[in-house]
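Keep the 3D view open as you read.

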Amino acid sequence: MRSLDWVVKKAEEISMDHSSIMKFLEEILTILKEKQKNRIDRWIAESQPVTPFLIIGDLHGDLDTLRTILSRTSHERLAKGELTLVFLGDYVDRGEYQVETLLTVLLLKREFPENVILLRGNHEPPENLKPYPHDYPSILRSRYGYIRGLEIYDKSLEVFNKLPLVLVVRNQFVALHGGLPTQTFKKEVSLVEYFMGKSQSEYFEIMTEILWNDPIESSHYRIPSPRGVGYLFGRPVTEWFLHTFRFNVVIRGHEAVDRGFKLNHGGKVITLFSRLGPPYYNSRAAYMVVDTSIERWWARITNFIVSLSR
Ligand SMILES: [Mn+2]
């Protein structure tokens, strides 16, 4: 089996200098724009449930873990469309190799555009909603110089703006970085309206929730988040959403959890965290390989979770 770890080497090459990075980011922008004909495409990615999905949570610059996962993944199966890779966002910030990590996932997108889904995390922020700490721009400045670092950062923000917020696999699952939005909870909405709102003014608030929300074991539908942005969404939101739009589970990242995964809301919300190392204390990182053709796969969710430690 030819594995995918060659992509990491290629990313390391591109990361060596400013002009290769700029050229590559420009190329990625063209690819992403071609795929996105309208506002909905830019927001919601859709995938057929025909292949196994390999789902990876927050990486935050953990190139080692990414390399391990890719070394276990078949290039041929991905190339033949027999596998879909889904990344839940948060590629940069924290960690020495965040540039290489970002370039690796973008290279995967370039090589296999139909079978690689890169979702947006809160660390791939819109201009006016930056997380803290956000050390990606300062890493770029110290590595490539002030002006060139800024140029790469600005180009990165353009790329981040083109990453979808939600992956929809009909009758199976949805994947997003933070959580289900509460703004449109129990409203008369279509699936697209639930995730995008009915007007421009709802648009930004819902994006904030998708990127920042966390689940909480509560019968309240929402509680303000201790993060200072977004909400904690309770079980009523998950139950209403899954029932109304006919999905089985929600798969999300965003929280550093000890074993690399956790389950909320009776196993209907799965958190994956795929980074090892400080400043987090999780003993393991986890990812998921799900074959949606297996009947009631979601009822035995832990069977599909793979965990890693150093
Ligand atoms: Mn996050």
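A residue is called buried here if 20 or more other C-beta atoms lie within 10 Å of its own. Keep in mind that this is a predicted model.

With that in hand, look at helix α11, residues 235–245: its buried residues are Val 237, Thr 238, Phe 241 and Leu 242. They span an arc of only 115° around the axis, so they sit on the same side of α11. And what lies over them? The cover for the buried residues of α11 includes β8 (222–224), β9 (231–233), β10 and β12 (269–272).

Now zoom in on Val 237, which belongs to α11. Why does Val 237 count as buried? Because it has 27 C-beta neighbours inside 10 Å. Leaving out residues up to four places away in sequence, Val 237 touches Leu 180, Thr 182, Phe 185, Tyr 221 and Arg 222. Take Arg 222: it is 15 residues from Val 237 along the chain, and their C-alpha atoms are 8.1 Å apart.

Two of the covering strands, β10 and β12, lead us to the sheet. Six strands make up an open, mixed sheet, running β1-β5-β6-β10-β12-β11. At the edges are β1 (44–46) and β11 (261–264); each has a single partner strand, so one side of each has no neighbour in the sheet. On average, neighbouring strands of this sheet are turned by 20° against each other, direction ignored.

Further in, β6 (residues 173–176) pairs with β10 (residues 249–252) in the parallel sense, over four bridges. There you'll find Leu 176 opposite Arg 252 of β10.

Key: Residues are numbered from 1 along each chain as its sequence is written. This is a predicted model: local features need pLDDT of at least 70, side-chain atom pairs count only at pLDDT 80 or more; totals for chains, interfaces and linings use all residues. Two strands pair if DSSP finds at least two bridges between them. Axes are lines fitted to C-alpha atoms, for helices over the stretch in contact, and angles run from 0 to 180 degrees between N-to-C directions. A residue is buried if 20 or more other C-beta atoms lie within 10 Å of its own, exposed if 12 or fewer, and partly exposed in between; C-beta atoms are placed from the backbone. The arc is that of the directions from the helix axis to the C-beta atoms. Two residues are in contact if their C-beta atoms, placed from the backbone, lie within 7 Å.
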